[in-house]
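Okay, thanks for coming, everyone.

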Amino acid sequence: MRAARVHAYGAPSAVVVEEIPAPRPRAGEALVRVHAAAVNFPDVLMMADRYQVSIPVPFTPGSEFAGTVVALGPDTDGPAVGTTVMGGVLTGAFAEEVVAPAHVLRPVPAGLDMVSAAAFRVTYSTAYHALVSIGGGVAGDRVTVLGAAGGVGSATVDVATRLGMSVVAAASSPERLAVAAKLGAVAGVDYTRENLKERLKELTGGGADVVVDPVGGDHAEAALRAMRWGGRFVTVGYADGRIPRIPLNLVLLKGVVVRGFELRTIGEHLPEAVVSADAALAELVAGGMRPEVTSVRTLSEVAQALTEVAERGATGKVVIDMGAP
Ligand SMILES: NC(=O)c1ccc[n+]([C@@H]2O[C@H](COP(=O)([O-])OP(=O)(O)OC[C@H]3O[C@@H](n4cnc5c(N)ncnc54)[C@H](OP(=O)(O)O)[C@@H]3O)[C@@H](O)[C@H]2O)c1
């Protein structure tokens with residue numbers, strides 16, 4: 001099968017497409033023919049060996065995909081062969097076939113095409129869990145979303161708005177804020193030009209109830225300083241490259257709750273939250289929610305697809321269409 005391969009850590013330009021043997025599913029696993037796979041920022045981090053977990057080279061990047069189950073491993077309970085599924089793995093999805101634990105596969109919700117399905121699971125599940133399962137967000141809450149035009153950020157704006165929360169978006173340009181506004185953000189702050197803390201305080205009418213932060217860096221502390229007393233700050237990622245170090249006296253003074261969210265381990269710690277998130281997201285899809293896919297490329301263009309995300313050029317999601325029949 002054809003697969004993207006990383007032979008040495010570095011920039012996305014170093015990824016190559018090669019013929020390699022198709023993987024075989026072991027017990028508990030399914031083999032999926034990939035129709036489409038979406039690019040996520042962690043793919044770029046793994047290729048540079050800057051992710052939380054180091055992946056030994058050579059490897060096939062790609063974590064989020066949609067496709068058709070073509071085989072199940074021995075003694076495996078999972079979606080039947082022929083089912084269209086979406087799923088997430090650590091690596092391996094930028095290939096014609098991927099092996100995944102059967103329990104991480106979910107049927108593609110009715111009405112979602114394969115490109116949209118590939119772009120859906122990581123960002124929308126992250127958005128829902130950060131907002132609701134971890135952030136405790138409910139209708140009427142005021143929510144601040146940092147990096148609001150990125151993959152996780154735009155999904156968070158979308159989900160929050162559809163759940164009746166009021167979103168103030170923060171991003172690095174008027175064009176990026178326009179993406180968030182289109183998804184329902186009621187106001188925006190350009191953190192490259194405006195004082196993030198002051199503007200957020202004004203625009204949220206005295207402070208957000210929930211902050212969802214996939215960016216980190218200096219923006220995290222500014223957003224936390226602009227929260228109302230007792231708000232919930234959810235740290236999701238560090239696209240900025242710098243992990244914020246928040247002075248604890250700020251947490252004391254503001255009475256805020258700081259919580260972290262990680263999609264990779266949520267099923268282990270809060271299995272019931274995964275079930276309710278899946279149900280809530282399926283309902284939102286039935287109501288017309290779709291990920292914003294702004295770039296669709298072929299497997300041969302995988303390096304360009306990864307570069308778009310690495311260089312902060314993408315608004316919405318970049319998807320690789322495998323051209324599967
Ligand atoms: N915890 C989890 O389970 C989980 C799940 C998915 C993703 N993540 C993490 O969440 C973060 C965002 O992921 P994503 O898929 O939303 O990425 P993305 O689509 O690339 O969006 C990241 C956003 O961060 C902002 N940003 C600020 N400084 C940046 C920099 N130096 N380089 C690139 N972007 C920068 C950009 O918006 P502006 O230009 O507007 O600032 C960009 O839109 C990543 O760190 C990822 O690892 C975590």
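**A walk through the model**

Let me start with Asp75, which counts as exposed because its relative accessibility is 81%. One thing to keep in mind is that this is a predicted model. Asp75 sits in the loop between E4 and strand E5, residues 84–88. Its phi is near 50°, and that's a positive value in a residue that isn't glycine.

There's another aspartate to look at, Asp49, in the loop between H1 and E4. Phi of Asp49 is near 60°, again a positive value in a residue other than glycine. So is Asp49 buried, partly exposed or exposed? At 32% relative accessibility, Asp49 counts as partly exposed.

While we're in that loop, have a look at Pro58, which lies between helix H1, 41–47, and strand E4, 64–72. The peptide bond joining Val57 and Pro58 is cis, with omega at about -5°.

Now, the strands. Strand E3, residues 29–38, pairs with E6 in the antiparallel sense, over five bridges. Strand E6 itself, residues 97–101, is mostly covered, with four of its five residues buried.

Next up is the parallel sheet. How many strands form it, and in what order? Six strands make an open sheet, and the order is E10-E9-E8-E11-E12-E13, with parallel pairing. At the edges you find strand E10, 187–190, and strand E13, 257–260; each has a single partner strand, so one side of each is left without a neighbour in the sheet. On average, and ignoring direction, neighbouring strands here are turned by 20° against each other.

Strand E8, residues 142–146, and strand E9, residues 166–171, run parallel and are joined by five bridges. Leu146, for example, has Ala170 as its bridge partner in E9.

Then there are helices packing on the sheet. Helix H4, residues 151–162, touches E8, E9 and strand E11, 208–213. The direction of H4 makes about 165° with that of E8. Helix H6, residues 196–203, also packs on the sheet, and its contacts are E8, E9 and E10. In this case the angle is about 175°, taken between the directions of H6 and E10.

Helix H7, residues 217–225, is worth a look too. Which of its residues are buried? They are Gly217, His219, Ala220, Ala222, Ala223 and Leu224. Those buried residues pack against E8, H6, E11, strand E12 at 227–235, helix H8 at 248–254, and E13.

Okay, helix against helix, and here H3 is the one to follow. H3 and H4 pack at an angle of about 60°, their axes 8 Å apart. That makes H3 oblique to H4. The crossing of H3 past H4 is right-handed. From H3, the contact uses Thr123, Tyr124, Thr126, Ala127, Tyr128 and Leu131. From H4, it uses Gly151, Val152, Ala155, Thr156, Asp158, Val159 and Ala160. Sorted by class, that contact has eight nonpolar, four polar and one charged residues.

H3 also meets H10. The axes of H3, residues 121–134, and H10, residues 271–286, come within 10 Å and cross at roughly 115°. So these two helices are roughly perpendicular to each other. H3 passes H10 in a right-handed crossing as well. On the H3 side you have Arg121, Tyr124, Ser125, Tyr128, His129 and Ser133. They meet Ala273, Val274, Ala277, Asp278, Ala280 and Leu281 in H10. By class, this contact has seven nonpolar, three polar and two charged residues.

Last stop is Gly267, in helix H9, residues 263–269. Gly267 is partly exposed, with a relative accessible area of 38%. How far is Gly267 from Val309, in sequence and in space? They're 42 residues apart in sequence, and 27 Å apart in space, C-alpha to C-alpha.

That's my tour, so let's take questions.

Notes
Residues are numbered from 1 along each chain as its sequence is written. This is a predicted model: local features need pLDDT of at least 70, side-chain atom pairs count only at pLDDT 80 or more; totals for chains, interfaces and linings use all residues. Side-chain values use heavy atoms; hydrogens and water are left out. Axes are lines fitted to C-alpha atoms, for helices over the stretch in contact, and angles run from 0 to 180 degrees between N-to-C directions. Angles under 35 degrees count as roughly parallel, over 145 as roughly antiparallel, 65 to 115 as roughly perpendicular and the rest as oblique. A crossing is left-handed if the near helix is turned anticlockwise from the far one by less than a right angle, and right-handed if clockwise. Contact means heavy atoms within 4.5 Å. Ala, Val, Leu, Ile, Met, Phe, Trp, Tyr, Cys and Pro count as nonpolar, Asp, Glu, Lys and Arg as charged, and the others, Gly among them, as polar. Two strands pair if DSSP finds at least two bridges between them. Buried means under 20% relative accessible area, exposed over 50%, partly exposed in between (1.4 Å probe, protein chains only).
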